Structures are given as C-alpha cells and as structure tokens.
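User: Hi! I have just started learning to read protein structures, and I would like to work through one with you. Could we go step by step?

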Amino acid sequence: MVKIAILGFGTVGSGVYEIIKNNAVNISKKAGQEIEIKYILDIRDFSSHPESHLFTNDFTKILKDDEVGVVVETMGGLHPAYEFTKSSLEAGKNAVTSNKELVATYGPELLEIAYDNNVNYLFEASVGGGIPIIRPIHQCLAANNIKRITGILNGTTNYILTQMFREGKSFDDALSDAQEKGYAERNPAADVEGFDACRKIAILSSLASGRQVDYNKIPTEGITKVTLEDVKAAGSMGYSIKLIGYADINENSEVFARVSPMAVPNYHMLASVEDVFNAIMVRGDSVSDVMFYGKGAGKLPTASAVVADVIDSVKHLQKSKRIMWNDTDPDNMISRHCIEGSFIVRTLKDTDTVLSVMPDAVVRTGDNEQNTEETVFITPVGLEDDIEALVNEVGGIISRIRILPE
Ligand code: HSE
C-alpha cells in the first residue's frame, strides 16, 4: 500500500480526494497496489468533514512520515508550494501537481531534484486540465521535433468569450459563472489578462524545446479589450476570436511564444472549441498536426489528471522518468520583431485610404457590410512591425486582431 498526502483542499485537492475515494478499486488495480490518503494539509477548519482526522496544518508531520510516498500539491501559488515540493522530493517522496505557476517558474530545478533523488515530479494537470498533453508531448511524440504548439489553454476565458458572444451575457456575469463553476483562478486577472495561458504555453514550449522558456519574456495580452463589435467584424470575414497560446520552435530549439486574442479561420478546428473546453494542436516534424481536446478546467477534469499522475508515480516508485528541460538560457527566445503576421483591422477610414496604403489588403464589402461608419480589412502577411506601421499609416484605428498564423 502507498500512502499519499494532499496539500491544499481547494477545488482540485477536494476533487483528488473524491476520485480516489470513489474509484478506489479501479485505481488500486491500475497502480498495482492500494493507494490511501493519509493526510490532507489545509489551514482552514475541516472539523465537520467526515474524515476530519486526515486534516492537519503541519507540513513537517507529512515530511517526516516515511509511509507517505506521494505528495499531491494542489495548493497553487509559488510559496509555500515551492518549499513543500522541494523538501518532499529531497526526502525521497514523489510529487504530483496541478500548479502551473510553480512548474513554469521552478520546473527545471524541481525536475532535477526529483531526478537526483530517484523520484518523480509529475505535472500533467498543470496544462489543459483533464486533457492529456504533457505525457503525449514527452512520451508519445518523443520521436518528433516539435515545431509548433497552438492552444486554447484557458477554460475561463474561452467560457467567457463563448457566453458573451453566443449567449449575449455580460463579461462580469460570464466571469462570475466561471468562478462559481470552479474554473477561474483565485485572482481572475490571471485568467482574463492571459497570465494563466502564458504559464501554460511556457511549460509546453519548455518541454517541447528542452530549454526553459521564461514566461516573463512571452508577450501576453488578455481578452479584456475584445468587444462584441470586434467579434462581429471578425465573423463577417470568416473568423472567430479565441485567446491563443502559441509557440514556434526552430531547429536550434529557439522559441517564439505569445499569448493573445487571435482571429481563427472558421474552418480551423480550434474555431469550434467552446465553453470551458481547451484544445491544443501540436505540430511534429514526423507526425504533422495532432490535436488534444477536452475540459481544460474544473474540479474533476483537473483532478483526473492529478490522480493519473499519482497512479503513474506509484507504478514508478524509486524510478525516475527523467522528464527534464534545461534551466533558463537568455538566448533561447526569438524576438517578436522577427515575426511575420497579419491582422483584421477596424478603421474609421474609407476603403480608398486603406487600399492606397495597403493595395494588397482584403477589404470587407457588399452583404458583409454591417457598420457603414467603419471599414474592416485584412492586412497582407509581413513582418509584424512593418504591418503595424502600415496600419498606423492608415489611421483611424478602432481595433486590430492578430490572425492565427497558417
Ligand atoms: N483558471 C484555469 C482555466 C484553470 O480557466 O483554465 C485551469 O488551469
């Protein structure tokens, strides 16, 4: 039998408890031995919980207990999650987490400590909630050089965008809904400003490139400035707007990553991903494009990925799976100034002005015309800096939405 400790009894931690209790027989069968929850660490009062005896607020008790083979960190935040994870690994305990901030920040160090101590640090739930994506990149696609990752990586913002533009809900109502359903981060800015998606694309591109991608260097823009009019304008040109985490990886393992609202052509599979669903498209040099789709947030979907990692840890006790990427390298990021792109633009200037500056622009015409005050056009593809300069030359800009690169 392996005993485990759950650190943090919030949305995900309580989901882990529920799944382990409800699916105990199946889980034990898959793990090859019984898994029992010995401790739940939380500073809040759970004296009325049916298993109140499991709760403690003393991490040292867990650390010193040699019976605990796996520590499940579902606390979130950097501290004390970092210290607890580090000391657990150093004490020869496996650690499993859903904490993307911790993995994105301290991933290389914690993975190395795990390796040195012959244990595992597993983090499937840190990206895409219940969707398998870490293991597929690390394991199933291991034969490939990963060239590109494109994903809808945040359930809350996808839910908000869907509710606003399909159901006509206000931004605030849609956000409250997402909070009630347990999708949103404690600080909703982490979702709506794109920081959560930024941590996730940093993890995926670090894993895929083998070099730590510093999330502080990823240009990140959230959804707060996207309006219904932008969505309608994009729609009239055959596009849907999604918050996209995007990374290109070149042959030298250098990465260009970005998080921003992007116009996705309606024929693209990502365009039909709605509500809390996430989808991640991975392009490998041998396999070409593969897509992973499922619930990207929420108690049980996320906990299902955590529990799968617990099972994997139990199957690999004292056997490191050697998931690694190198520590921060200041030269591994491709500058945004080298990137090509195109935009859907709304301007108060007329078609003639647009075409006089950008003869190759595609201007919305005829039946699609919805607002005679404005002109909507698609820029040609070029160096983003050059295209931005041309857009500014047109002037009268209401908004511009980047188009998902082909
Ligand atoms: N707040 C996150 C989301 C939770 O909405 O996707 C899962 O990381």
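This is a predicted model: local features need pLDDT of at least 70, side-chain atom pairs count only at pLDDT 80 or more; totals for chains, interfaces and linings use all residues.

User: What percentage of the residues in the chain is buried?
Analyst: A residue is called buried when its relative accessible area is under 20%. The chain still exposes about 17,200 Å², and carbon and sulfur atoms supply 47% of that area. Of the 406 residues, the buried share is 55%.

User: What is the distance between the end C-alpha atoms of helix 1?
Analyst: Helix 1 covers residues 11–22, which is 12 residues. At 1.5 Å a residue it should span 16 Å, and the model agrees with this. The end C-alpha atoms are 16 Å apart.

User: What covers the buried residues of helix 1?
Analyst: The buried residues include Val 12, Val 16, Tyr 17 and Ile 20. Their cover includes elements from several parts of the sequence: strand 1 (2–7), helix 2 (24–31), strand 2 (35–41), strand 4 (68–73) and helix 12 (299–315).

User: Is Val 16 buried or exposed?
Analyst: Val 16 sits in helix 1. Leaving aside neighbours within four places in sequence, Val 16 is in contact with Ile 6, Val 72, Thr 74, Ala 303, Val 306 and Val 307. With a relative accessible area of 0%, which is under the 20% cut-off, Val 16 is buried.

User: And Val 381, is that residue buried or exposed?
Analyst: Val 381 lies in the loop between strand 15 (375–378) and strand 16 (382–383). Not counting residues up to four places away, Val 381 touches Glu 340, Gly 341, Ser 342 and Ile 387. Its relative accessible area is 60%, and exposed means over 50%, so Val 381 is exposed.

User: Which residue does a cis peptide bond join to His 79?
Analyst: Most peptide bonds are trans. Here omega is about 10 degrees, and the bond is cis.

User: What is the phi of Asp 275?
Analyst: Most residues other than glycine have a negative phi. Asp 275, in the loop between strand 9 (255–265) and strand 10 (277–284), has a positive value. This residue is partly exposed, with a relative accessible area of 21%. The phi of Asp 275 is near 55 degrees.

User: What is the phi of Arg 322?
Analyst: Arg 322 is placed in the loop between helix 12 and strand 12 (340–341). Arg 322 is partly exposed, with a relative accessible area of 46%. Its phi is positive, in a residue other than glycine. The value is near 50 degrees.

Definitions and conventions:
Residues are numbered from 1 along each chain as its sequence is written. Side-chain values use heavy atoms; hydrogens and water are left out. Helices (H or I, at least four residues) and strands (E, at least two) are DSSP runs, numbered from the N terminus. The expected span of a helix is 1.5 Å times one less than its number of residues. Buried means under 20% relative accessible area, exposed over 50%, partly exposed in between (1.4 Å probe, protein chains only). Contact means heavy atoms within 4.5 Å. Accessible areas come from the Shrake-Rupley method with a 1.4 Å probe; for residues, only the protein chains shown count as cover.
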